[in-house]
Every structure is written in structure tokens, then in C-alpha cells.
Amino acid sequence: MLIKLSGGTVYDPVHGINGEQRDIYIRDGQITRKPAATVDIDKTYDLKGKVIMAGAIDMHTHIGGGIVNIARMMLPEDHRQDLVSRTPLTRSGCGHAAPSTLTAGYRYVEMGYTACFEPAMLPANARQAHMEMADTPIVDKGAYAMLGSDDFFLRMLAAKKDQEAITDYVGWIINATQALAIKVVNPGGISAFKFNQRKLDLDEKNEYYGTTPRDIIKSLARAVRELGVPHPLHVHGCNLGVPGNMQTTLDTIHGVEGMPLHLTHIQFHSYGTEGDRQFSSGAAEIAEAVNANPNISIDVGQVLFGQTVTASGDTMRQYAGHWHANPKKWVLMDIECDAGCGVVPFKYRDKNFVNALQWAIGLELFLLVNDPWRIFLTTDHPNGAPFTSYPHLIRLLMDRSFRNDMLATINKDAAASSILGSIDREYSLYDIAIMTRAAPARSLGLKNRGHLGSGSIADITVYNDVKNKEKMFEKPLYVFKDGELVAKNGKIVKVTTGGTHVLRPEYDKSIERSLKSYFDKYQTIKLGNFKIDDDEIVEHGNGNIIVQPCT
Amino acid sequence: MNTKQSLAIVQKDVPCPFCSIHCDDLIIHNHSGRLKIKENGCHIAVDRFERPLPQSKPTIRGKTATLDEAISQAAGIFKKSVEPLIAGLGTDVGGMRSVMELADKTGAIIDHMFNDGTTRNFLVLQDLGWVMTTMGEIKNRADLIIFAGTDAGNYPRFYERVVWNEHSMFNYDTKNRDIVYIGENLDTSQGKSPSGKKPTYLKCPQDEIGEVISVLHALVGGNKTQKKEKISGIKMAHLEKLAEQMKNAVYGVIVWAPGELDFPHAELTIQNFCEITKYLNRETRFAGFFLGGNDGGMSANNVSAWQSGFPLRVNFSKGYPEHDLQKYATANVLKNKEADALLWISSFNPEIKPPRAKIPTIVLATPDTKLDFKPDVYIPVSTPGVDHSGQMVRTDSVVSLPLKQVRNSDNQSVKEIVRRIAELV
């Protein structure tokens with residue numbers, strides 16, 4: 001089957017193609033060079049005047065795993081606002097803040113996304129995360145294993161074990177849990193909270209282990225680099241949501257000694273203490289530090305107004321945030337001396353000073369960070385807003401007058417204390433293609449995704465070129481996944497199974513000896529049963545494994 | 001499931017599917033198809049694993065049929081049905097995935113055999129939320145464990161594994177743990193520590209545990225209580241002592257079994273557990289833990305939640321999932337004659353009997369299940385974790401176990417049979 005996408009306007013930043021008219025050919029699921037004139041083309045799509053990009057990639061979205069499933073179970077009233085009926089092609093489910101896996105897969109694809117990555121896979125809960133991801137159709141998936149509050153790592157760090165041993169452990173975890181990267185959440189703070197510590201600054205010690213978040217970040221970042229994990233250590237920093245936390249974030253950036261680091265949902269970590277309410281934007285300082293440090297990448301975790309639910313591994317900060325639960329119910333879990341999770345429903349209100357300023361801070365960050373290769377578009381779904389609000393967010397970035405209209409409607413004091421209105425920058429389609437495709441693919445080490453070069457997997461999105469960018473990005477004209485047309489005019493036309501991206505870093509296998517006795521003594525599951533076999537992911541026929549190379 | 005593959009004669013680290021704490025250290029010997037647990041089998045595991053696998057054939061209205069005929073007959077029942085009920089749901093994640101597909105396709109109501117208990121929990125989760133913990137945290141961290149309305153006796157190795165464990169991560173002397181029971185008819189013998197330390201037993205009727213917890217809540221909050229000498233038969237002085245213990249605990253845990261709190265509006269008692277735990281976390285660390293969801297109950301609720309958005313008791317008849325914790329209970333649906341066909345699934349426990357309903361009934365059950373009526377279709381099924389591999393979610397709803405195949409069976413899995421029915425509908 002040879003498909004020709006004829007005459008579309010192509011945005012392919014990996015190849016420096018910025019809105020040029022090009023033909024794209026697809027054969028056997030891959031993009032291929034222009035065939036000889038004698039070769040028959042099976043199907044041609046006339047795409048003159050249409051915009052073509054690679055399929056979009058969400059590199060930080062809570063789509064699968066126990067945390068999300070608790071959110072689903074506790075929020076029937078949210079689902080009832082957005083029930084999804086079965087069609088001859090698609091299964092029923094529900095949407096909004098914590099959608100069912102099936103609906104999440106469909107909606108991502110209908111929005112032009114072809115891959116999404118679960119950033120908070122607790123090793124103890126990894127099997128369930130993979131089962132949920134396998135039940136998320138069409139899109140490719142992958143997950144980052146969460147470390148940093150797990151006892152095995154902390155006791156090694158406390159005992160000042162060689163970095164080599166820690167690196168082997170991290171390599172073992174990536175293999176055992178079928179992960180693509182490593183994330184750390186409130187480094188050591190989830191553990192500290194179990195010892196009843198209520199806050200943990202970058203240089204504050206965990207009372208039991210004596211380790212600091214700074215030690216943890218450095219050690220894990222080093223392990224990630226030594227193992228050749230393409231994606232830098234994915235850091236959810238200390239003091240999430242705390243006024244003044246921008247200093248912690250700046251210290252984190254400066255403390256990593258030039259090692260690559262990805263700071264996630266940085267909006268929640270960019271707060272100052274200026275003004276009457278002692279809550280202000282630290283976006284300018286953070287953006288300046290990001291601009292000055294090429295080893296740092298970020299995603300924003302944009303807040304958008306409305307009802308959502310916050311789901312996080314950061315039990316310490318989720319406990320502190322539970323007072324603001326809306327509706328008034330919340331869940332906290334301590335998990336297996338490994339990690340934890342907190343689920344707190346939340347409603348961001350545009351007339352609330354703090355919420356409105358959070359909204360402005362996120363946008364300021366987007367607009368003040370210069371290099372779109374190092375800033376990714378996220379809402380930290382569902383924490384800042386559900387992922388279905390991405391088209392709206394793209395419009396805010398691309399359309400200054402729309403942005404200023406919105407700014408005029410938010411809490412007046414928040415608007416007045418933000419510099420947002422004075423920023424003229426508008427994102428171009430090329431910028432959007434970088435931050436939602438090329439850059440996340442490069443950051444995650446997905447070499448044949450995120451671009452439209454020959455040999456790349458044919459994950460392709462075709463948009464109508466509409467002035468209203470929210471409308472444009474809401475319902476793409478065509479979405480191709482692995483070369484198959486899966487959505488048309490924002491509706492699924494074919495359901496396929498996606499793959500799971502994993503990494504297989506090499507490590508010294510002898511670490512299993514000490515791990516085995518550790519598991520036998522302290523854990524509630526055997527080492528062999530903790531590890532997830534490939535079979536478990538593929539045997540149900542709803543997924544396959546895509547092994548990505550280490551660097 | 002591959003019945004042709006040769007299986008190792010002795011398998012180690014075998015996860016047990018038969019109760020929801022899913023011990024995974026069993027050593028099982030397969031001697032020509034007869035299983036013997038060499039190590040780490042509780043009485044439930046021994047009883048279930050070591051039963052011989054009897055020959056059993058599918059039947060249609062009592063008459064022996066081929067599997068294909070039975071599946072086709074079952075599909076025919078679904079095709080005619082306007083509102084089918086798929087209940088029992090004693091199966092693993094794979095089986096549940098097939099059930100979800102069939103339910104969605106046929107507009108069925110789904111419910112699990114033990115969801116009366118689980119529902120009490122979900123009522124609280126959806127109204128208040130909670131602070132919970134997992135087995136690994138209890139094992140390594142808990143210094144006070146309060147068993148409220150349960151002695152955990154239905155989970156035979158609970159104490160061995162996470163209460164009187166020899167090693168703990170943080171060098172706690174686990175033998176010094178304070179164990180407290182609140183409730184009635186509880187066997188507290190396992191609450192005695194290996195060093196001889198005795199548990200505290202505060203006796204009160206099960207349906208008054210909630211009141212006792214309320215008084216404890218008032219006491220830990222420093223509020224005034226009624227000037228009574230006793231609350232529900234428990235001396236106030238004993239409650240005052242327990243309140244102090246709770247406040248001073250480094251990591252306290254309240255354990256309950258929702259299925260054993262079997263009285264009207266027991267969810268309010270569970271709500272009291274969750275409210276006091278939340279309150280105690282203002283100063284110290286405290287968490288809840290529940291024992292429940294046997295026979296695949298936790299797996300069924302989790303799969304339902306991730307695929308439909310709702311935990312069990314979901315009705316797909318309108319084309320989208322509708323969730324109601326009371327309305328779609330099996331007993332309620334059958335009593336009100338809301339279903340016109342029943343598919344009953346029970347692949348773990350031969351003692352579980354399908355409800356006898358005056359509607360076309362399909363039974364998928366273990367081959368040694370003794371039915372007291374002739375269902376329209378009966379198909380013997382293999383047992384997950386014995387006859388085929390799979391996954392199950394543990395009671396803490398966090399850890400899931402990879403089940404192993406330790407025996408060959410000619411019977412098909414629920415996953416396979418329900419998938420085939422769904423294909424034909």
C-alpha cells in the first residue's frame with residue numbers, strides 16, 4: 001500500500017521545513033522517499049492548503065496507573081458530565097478530568113496526538129500501569145519509573161554506596177518495570193512524609209536516611225546519564241505549590257552541575273512571595289535561568305480554568321493541598337515503602353487571585369523561554385487541566401489578541417501583577433510543531449518519531465488551516481497512525497493498538513543478588529513476580545513493545 | 001493458555017489467586033496433574049490447589065454439549081436479551097477485559113459476587129476519600145494496628161506476612177507492635193506477639209463500632225464526650241487509653257474488612273474510620289487498610305474503573321456506562337426483575353453457587369462446582385493462577401501479581417470463552 005499526501009504545507013522542524021509545500025509518501029507504515037514514476041500509488045490525498053505535522057506527542061500526562069484509577073473511582077459526578085457512547089467502531093467510556101483508558105486513547109488521536117507518556121509509574125504499581133496503558137487504544141505509550149523515595153535507593157544513598165551500584169539499581173528498575181525513563185517526585189519527600197516530615201527543602205535531610213533532595217537528584221541524574229537513558233532525569237521538584245518555591249527551582253537548576261535535567265510542570269514551581277498576598281510570579285527569573293542553562297528542559301503544566309482533579313505521587317504536597325479539595329473529598333496513599341500518591345479534586349477559578357495568577361505564570365513561562373526545543377506543551381493532565389484543553393492552550397500561545405481578551409476576564413489583581421499583557425510574542429506553527437512533536441521525540445530518544453523524514457514511522461496529523469487555532473487543533477482533518485488513517489475530521493475511523501516504548505539499559509546483573517534477599521526480607525512480593533515480562537504486555541493482543549536504543 | 005506445554009514439576013514463588021492478599025511464595029509440586037503445596041500454603045490454598053480436577057463437560061439445559069455448541073447457545077441468549085446481567089465475576093484481569101467487551105456490546109449490567117462489601121468502601125471513597133496504606137508499609141512501619149470488626153482470619157497468612165514479620169526495614173521491633181481489636185466474635189489469638197505481648201480487645205457489637213470510633217475521634221480531638229462510664233460496653237478509660245495510643249503512634253493503621261461489617265449503612269462506620277485517620281494525620285501518620293475483594297473482586301473493580309471510568313455496578317444498556325452502587329447490585333437487579341438473562345462467572349471457588357433466577361442463565365464455573373439447578377448453559381472453566389497465567393490486583397489496589405500456570409487443564413479460561421461469546425453476539 002503506497003499512500004501519497006499531496007501538496008500539503010509541511011512543518012517538520014527536525015528537517016528545518018517551515019511551512020513548505022511538500023508531498024509525503026507512506027508505505028508499510030513508514031514514510032518513504034518519492035517512488036519512481038513507474039510505481040503505482042494506491043491512494044492520494046489532495047492536501048493543498050492543509051497543514052501537515054508529525055503526530056503530536058504528550059510527554060507528561062497521567063493516563064494510566066493506580067493514581068488515575070483512584071481518581072476515576074472517586075469522581076463519578078465528573079464522569080456523568082461527559083459520558084461517551086459506544087459506536088460501531090469504538091467502546092463506551094467517559095471523559096473529562098480522569099477519562100477511561102479507552103476514551104483517553106480515542107480523544108488523544110482525535111486531537112492529532114499519536115503518543116502519550118505516563119510520567120509517574122510507581123515500580124510497585126507498574127504492572128497495573130502497563131495494563132491500563134495496554135487498554136489505551138491506538139496511541140503509543142510509555143512510562144517513567146518513579147524513584148527517589150524508595151527505600152532500596154535511599155538506603156544505598158545513605159550508606160554512601162558507590163554511584164555504580166546505584167546506577168545498576170536504576171538500570172534494573174527500568175528493565176524490571178518496562179520503563180522508558182526515570183522520574184523523581186519531591187525527591188525523598190514522599191518517604192519523609194511517611195516519617196511525618198511535612199516539608200523538605202532542597203538541602204533538608206530526610207530524618208531517617210539523612211539524605212537531601214539535592215543528593216537524590218544528583219545521584220539519579222548521574223545514573224540516568226551513565227545508563228544512556230535518552231530522556232534526562234524527569235524532576236518534579238521540592239515544594240510544589242509553595243509561595244517562594246522559585247528559589248528552590250533556581251537552586252535545583254544551579255545545583256545539578258551541568259547535568260541534563262527535565263523540570264516538569266514548572267509552573268507549579270515558579271512562585272515568588274511579592275505583593276500584598278505574598279504570592280507572585282517567578283516566571284521571569286525561572287525563564288532566565290532556563291534560557292541560560294542549555295542542560296535544562298521543562299514542561300509547563302499550564303493551569304486552565306474549570307473543574308479538574310490533581311493526581312500526584314507527591315503525598316507531602318497533596319496532603320498540604322487537601323484543604324482546597326473541591327469537591328471536598330481526597331485520597332492519600334502510602335505505598336510499599338516505594339512511593340505514594342495523592343488525589344485531590346480541584347477547581348481552578350478565573351476570579352480567584354491565586355488560580356488566575358497560576359494561569360498567567362504558565363503563559364509567561366511559555367512566552368519568556370526562548371528555545372521551543374526545551375519547553376514542552378503540557379497541562380500535567382489532569383493536574384492543571386484535562387488534556388482535551390490543549391487546543392485552547394495552543395490558541396492562547398499563538399493569538400495575542402485572544403490571550404489579552406482572556407487576560408481581561410481574570411481576577412483583576414492577578415492580571416495587574418502579571419507581565420503577560422506586555423508580552424507580544426506569538427508562537428508560530430513551526431514553534432508548535434517543535435514543542436509538541438520534534439522536541440519531545442528528541443528528548444525521549446524516539447528517533448523515528450516526531451518528524452516526517454524518510455524511514456520515520458508514519459504518525460502524521462493533517463490540519464485545516466483555520467485562523468482560530470483552537471478550532472484548527474481541536475479536530476484535525478486526518479490522523480495517520482503507523483500509516484493507517486485512524487481519525488478523520490476529529491472522529492475515529494479505525495481502531496488500532498499502539499505500542500509501548502521501553503528502554504533496555506545494560507547494568508551489572510549481579511545487583512539482583514542483593515535485591516533478591518532485600519525483596520525476600522522486606523517486600524511483600526517476590527523479586528521474580530515484581531518483574532514484568534514482555535509476554536504480559538503483548539499476550540492480550542492489545543499492544544506491542546518498542547525497544548528504544550540507549551545513547 | 002497452552003495445555004500442550006510441559007510444566008515444571010516443582011514451581012517456586014507461585015502467586016496464590018485464592019484470597020486477595022495474594023501470597024506469592026508458594027512452592028507447588030505437580031505430580032501427573034495432581035498438585036501438592038510443598039511450602040507456604042494456608043488452609044485455603046491447600047484446599048483449592050490440591051483438589052483433583054474432575055472431568056466436566058459443557059451442558060445445555062443439563063445435556064452434554066460441545067464447547068462450541070455451548071458458546072453458541074450462550075451467544076444466542078445474549079442476542080435475545082434486552083438487559084443481560086453479568087455477575088459473579090470471579091475471574092482475573094484478562095477475564096474482566098473480555099467481560100467488559102461483552103457488557104459494552106450487549107448493554108449488560110455488571111457486578112461482582114462480593115461487591116456488597118466493596119460498595120461500602122466505594123460509598124466512602126466517593127463521598128469523603130481516605131488515607132490508605134499497603135501491606136508493605138504495614139509490614140515495615142506500623143507500630144499500632146487496630147483491627148476494627150475483623151480479626152483478618154479470612155486471610156490466613158496476614159499476620160505471618162505483615163504483622164509478625166521478623167525483619168522490618170526501619171529496625172522496628174515488630175514484636176512490640178500494639179494490636180487492638182474492636183468488635184465482636186473476634187478471634188484475637190493471632191494478635192498475640194511472638195514474644196507473648198497480648199492484644200487489647202475492646203468488645204462491642206459490630207454495628208456499634210462506628211459509635212466507638214466517633215468517641216475516639218472526639219477524644220483524640222480533645223473534645224468533650226458524654227460523661228458515661230461505658231460506650232457500647234467499653235469502659236471510657238479504655239477508650240481514653242486507646243485515644244492516647246493513637247495520638248502517640250508513629251504510624252498507626254486501622255484495618256477493616258468491609259464484607260464483615262454486614263449491617264445496614266455500615267458505610268457510615270467505614271466513614272468514621274476514614275474521618276479519624278484523616279484527622280490523626282494532622283499531627284502524626286495514620287492510615288486505613290481494608291481486606292476485601294476476594295475472588296477477583298479488586299481486579300474486577302479496577303478493570304471496570306479504567307475501562308469505563310466507574311468501579312463496579314455499571315449498566316451499559318443505554319450505550320454508555322451508568323454507575324450506581326446500590327441500584328445495580330446483583331440481588332437488587334434480580335429481585336426487581338430488571339435483567340432478562342444472567343451470565344454467572346466463578347472460576348476460583350467451587351463452593352460459590354450461582355443465584356437461581358427465573359431467566360435464561362449461563363454459568364461459567366469451576367468443574368467441581370455442584371450446581372443445584374440446571375442452567376441453560378454450563379461451561380466448566382479453568383482457574384487463573386492454577387490452570388493458566390494472568391494477573392490479579394491485590395486488596396490494597398496497588399500491587400498486582402503475575403499468575404502462573406501450574407497445571408494443565410482441558411477447560412478454557414473465562415477470558416477465552418467470554419471473548420468468543422462476544423464475537424458471536
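This is a predicted model: local features need pLDDT of at least 70, side-chain atom pairs count only at pLDDT 80 or more; totals for chains, interfaces and linings use all residues.
View 1. Residues are numbered from 1 along each chain as its sequence is written, while chains are lettered from A and ligands numbered from 1 in the order in which they are written. Strand β16 (residues 314-315) and β17 of chain B run antiparallel and are joined by 2 bridges. Helices (H or I, at least four residues) and strands (E, at least two) are DSSP runs, numbered from the N terminus, and two strands pair if DSSP finds at least two bridges between them. Stepping back, you can follow an open sheet of 9 strands with mixed pairing, in the order β5-β4-β20-β19-β18-β6-β7-β16-β17 of chain B. Its edge strands, β5 (63-64) and β17 (322-323) of chain B, each pair on one side only.

**View 2. Strand β10 (residues 178-183) of chain B is largely enclosed by the rest of the structure, because 6 of its 6 residues are buried.** Here a residue is buried if 20 or more other C-beta atoms lie within 10 Å of its own, exposed if 12 or fewer, and partly exposed in between, with C-beta atoms placed from the backbone. Look along β10(B) and you will find B:Asp178, B:Val180 and B:Ile182 pointing one way, with B:Ile179, B:Tyr181 and B:Gly183 pointing the other way, all of them buried. Strand β9 (residues 144-148) of chain B runs parallel to β10(B), and 5 bridges join the two. Within this pair, B:Ile145 stands opposite B:Ile179.

**View 3. Helix α1 (residues 43-50) of chain B has B:Ala45, B:Arg48 and B:Phe49 as its buried residues.** Down the axis of α1(B), these residues fall within an arc of 95°, so they line one face of the helix. The arc is that of the directions from the helix axis to the C-beta atoms. A handy reminder for this view: an α-helix has 3.6 residues a turn, so residues three or four places apart point the same way. The packing partners of the buried residues of α1(B) are β2 (26-31) and β3 (34-39) of chain B.

**View 4. B:His22 sits in the loop between β1 (10-14) and β2 of chain B.** Is B:His22 buried or exposed? B:His22 is buried, since 24 other C-beta atoms lie within 10 Å. Leaving aside residues up to four places away in sequence, B:His22 touches B:Pro15, B:Cys16, B:Met392, B:Arg394 and B:Leu401; a contact requires that the C-beta atoms of two residues, placed from the backbone, lie within 7 Å. The C-alpha atoms of B:His22 and B:Asn294 are 9.5 Å apart in space, although the two residues are 272 apart in sequence.

**View 5. B:Asp68 belongs to helix α2 (residues 67-80) of chain B.** B:Asp68 counts as exposed, with 10 C-beta neighbours inside 10 Å. Between its C-alpha atom and that of B:Gly41 there are 36 Å, for a separation of 27 residues along the chain.

**View 6. Chain B meets chain A through 55 residues of chain B and 50 residues of chain A.** Helix α5 (residues 135-141) of chain B gives the most to the side of chain B that touches chain A, with 6 residues. That side of chain B has 25 nonpolar, 19 polar and 11 charged residues. Ala, Val, Leu, Ile, Met, Phe, Trp, Tyr, Cys and Pro count as nonpolar, Asp, Glu, Lys and Arg as charged, and the others, Gly among them, as polar. Zoom in and you will see strand β18 (residues 330-335) of chain A paired in the parallel sense with strand β8 (residues 129-132) of chain B over 4 bridges. In this pairing, A:Leu332 stands opposite B:Val131.

**View 7. Two domains share chain B: domain 1 (57-114 + 295-424) and domain 2 (119-290).** These bounds come from an automatic or database domain assignment. Taken over C-alpha atoms, the centres of the two domains of chain B are 35 Å apart. Where they touch, 8 residues of domain 1 are in contact with 8 residues of domain 2 of chain B. On the domain 1 side, the contacting residues of chain B divide into 5 nonpolar, 1 polar and 2 charged.
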